[in-house]
Amino acid sequence: MLQISHLSADYGGKPALADINLTLESGELLVVLGPSGCGKSTLLRLLAGLTVPASGSIHFGDRLVAKAGWGMPPEQRNLGMVFQDYALWPHMTAAQN
């Protein structure tokens, strides 16, 4: 299960996400859609542990993985993702990444 409670993030004091609340049960799928700049990548970065929340919390099951000012390191989250942007390995396909 994924539980997001009152999650907010900012970049240099400029809000990127504000008061996001979400519960996703095991086996459910979620699609995040929106225009450029609406916070989709910021949300994914928070889930992956690449960004720390300004406020709120993220739980994976009963494990707290992030809260305001703190985040469990990405390698301890047991989560995988491939961004749409091929910034890391541009010579590889999406499947190879």
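The protein has one helix and five strands. Helices (H or I, at least four residues) and strands (E, at least two) are DSSP runs, numbered from the N terminus. The model is predicted: local features need pLDDT of at least 70, side-chain atom pairs count only at pLDDT 80 or more, and totals for chains, interfaces and linings use all residues. Residues are numbered from 1 along each chain as its sequence is written, and side-chain values use heavy atoms, with hydrogens and water left out.

From the N terminus, the elements follow the order β-β-α-β-β-β. The radius of gyration is 14 Å, close to the 13 Å that the globule rule gives for 97 residues, so the protein is as compact as a globular protein of that length. This radius is taken over C-alpha atoms, and the globule rule is 2.2 Å times the number of residues to the power 0.38. Along the principal axes, the C-alpha atoms fill a box of roughly 40 × 30 × 25 Å. The accessible surface is about 6,500 Å², and 57% of it belongs to carbon and sulfur atoms. Areas come from the Shrake-Rupley method with a 1.4 Å probe; for residues, only the protein chains shown count as cover. Of the 97 residues, 24% count as buried. Buried means under 20% relative accessible area, exposed over 50%, and partly exposed in between (1.4 Å probe, protein chains only).

The five strands form an open sheet in the order 2-1-3-4-5, with antiparallel pairing. Strand 2 (14-24) and strand 5 (70-71) stand at the edges with a single partner strand each, so one side of each is left without a neighbour in the sheet. Two strands pair if DSSP finds at least two bridges between them. Strand 1 (residues 2-11) is joined to strand 2 by seven bridges. Within this pair, L2 has L24 of strand 2 as its bridge partner.

Helix 1 (residues 40-48) packs on the sheet and touches strand 1, strand 2 and strand 3 (55-60). Its direction makes about 120° with that of strand 1. Axes are lines fitted to C-alpha atoms, for helices over the stretch in contact, and angles run from 0 to 180 degrees between N-to-C directions. The buried residues of helix 1 are T42, L43, L46, L47 and A48. Their cover includes strand 1, strand 2 and strand 3. An α-helix has 3.6 residues a turn, so residues three or four places apart point the same way.

G49 follows helix 1 and has a positive phi, near 90°. T51 lies in the loop between helix 1 and strand 3. At 13% relative accessibility, T51 counts as buried. Beyond its neighbours within four places in sequence, T51 is in contact (heavy atoms within 4.5 Å) with Y11, R45 and L46. The side chains of T51 and R45 are joined by a polar contact of 3.1 Å. A polar contact is a pair of N or O atoms within 3.5 Å; within protein, one must be able to donate a hydrogen and the other to accept it, and residues adjacent in sequence count only if both atoms are side-chain atoms.

Two hairpins complete the description. Strand 3 and strand 4 (residues 63-67) pair antiparallel over four bridges. I58 has A66 of strand 4 as its bridge partner. Two residues separate these strands, and G61 in the turn has a positive phi of about 65°. Strand 4 and strand 5 run antiparallel and are joined by two bridges. Here K67 stands opposite W70 of strand 5. This hairpin also has two residues between its strands, and G69 in the turn has a positive phi of about 80°.
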